[in-house]
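Dear colleague,

Please read them alongside the coordinates.

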Amino acid sequence: MIPEQLAQEAIARCRQLGRFSEEPGRLTRTFLSPPMRDVHETLTGWMKALGMAVRVDAVGNLIGHYPGATPEAPRFLLGSHVDTVRDAGLYDGALGVTLALALVKALEGERLPFALEVIAFSEEEGVRFGVPFIGSKAVAGRFEPDVLKLQDAQGLSLEEVIRAFGLEPAQIPQAAYHPAQVLGYLEFHIEQGPVLEALGYPLGIVEAIVGQSRLEVAFRGKAGHAGTSPMHLRRDALVGAAEWITLVEREAREEAGLVATVGMITAQPGVANVIPGEVRMSLDVRHADDDVRSLAVANLITRAQQVAQRRGLELGYLTRYEQAAVPCHPDLTEQLALSVEAQGYPVQRMASGAGHDAMIMASLCPVAMLFLRSPGGLSHHPDEMVWPQDTEAALRAGLDFLHRLASAQHQP
């Protein structure tokens, strides 16, 4: 197939995977939920049609192996995640997998001096258990056994969910790759922002992925009757939380490159005629400089403590996730830039403000990332899209990149 047809097929396959959802009428597919079985079955069919051997590791990553020129050839990894946020778009994550398969198909049986493995990571978003990158952490040998005790909204533990999917948690350590066997990792991903569209460029070379902190913050006051409690005697946890949320926005605006988000909030007891006695929120803070990010988190917690003290509330907070900023590998990144340029596309180097499996994989092997333009800058939204010509551009650049790697492997 010519690149244009392969690009169209990669997009169509994202739409096909988008039919597998936990919720009717919108795309939601969380870690090892029932529709993930349909995703595995579909991807397995596509992989086997390309002559790939397929396996599923103990944490639910689906892996297709395309052999190299020799049985002892090292491996180069491609992939992205196939879980989603709630009410998601079709391309975040899934496009990285379908494009990787399009690359394998474009080789038309050619054997490279390295094997290719396409990984459909089981979990990146962190929706079901509140912890992201479960899949890539297992592959990178960074899986933390304590997360097996985490529970989802239905009270099921991570360990129970893995077993229910027919997998064995005790075998998770075996999912880790040996660094000596892996040449590197390339991830295609939609930009999830407006930069490339504003420039009119189809592709972007990711040089670094920003660090991020995720916390759970709770204000605790005193519940009471909404009609009989005078305003001056209330200890309203929701009002305190609302004041702090506005401070989060204000503080983030004052630091260049810093983003801070309260994306989830739960008020208890959650009754219209009862003053909220407790409010729990998420806090997501990101910056390319880890020192700036850490200082911002400390400052926002101080602000929360000040609000709580002033309003007679109690404050609790817990760090759920901490990830340092991760640079992409300079050699792979340069090779990717040369491939983009060789195919006639402008080279735009940029940082990723979103987290990706690549930032975990960087602890295992050299990584590179190629962004595709996001029309309207939309992501984590049902209207997110990708243009066929950009998908074709990514495929052409990716194929050139693989051949450059192959040439480098042949050199003494």
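**Salt bridges and helix packing**

Arg-280 has a relative accessibility of 33% and therefore counts as partly exposed, a class that lies between buried (under 20% relative accessible area) and exposed (over 50%), with a 1.4 Å probe and protein chains only. This is a predicted model, in which local features need pLDDT of at least 70 and side-chain atom pairs count only at pLDDT 80 or more, while totals for chains, interfaces and linings use all residues. Residues are numbered from 1 along each chain as its sequence is written, and side-chain values use heavy atoms, with hydrogens and water left out.

The side chain of Arg-280 meets that of Glu-216 in a salt bridge at 2.5 Å, N to O, the term being used for a side-chain nitrogen of Lys or Arg within 4 Å of a carboxyl oxygen of Asp or Glu. Glu-216 lies in strand β7 and Arg-280 in strand β12, 64 residues apart, where strands are DSSP runs of E of at least two residues and helices runs of H or I of at least four, numbered from the N terminus. Both residues belong to a salt-bridge network that also includes Arg-220, Glu-278 and Arg-320.

In helix α11, Arg-404 and Asp-400 also form a salt bridge, and being 4 residues apart they are separated by about one helical turn. Asp-400 counts as buried at 19% relative accessibility, whereas Arg-404, at 28%, is partly exposed.

As for packing, Leu-43, Trp-46 and Met-47 of α2 meet Val-97, Thr-98 and Leu-101 of α3, contact meaning heavy atoms within 4.5 Å.

Best regards
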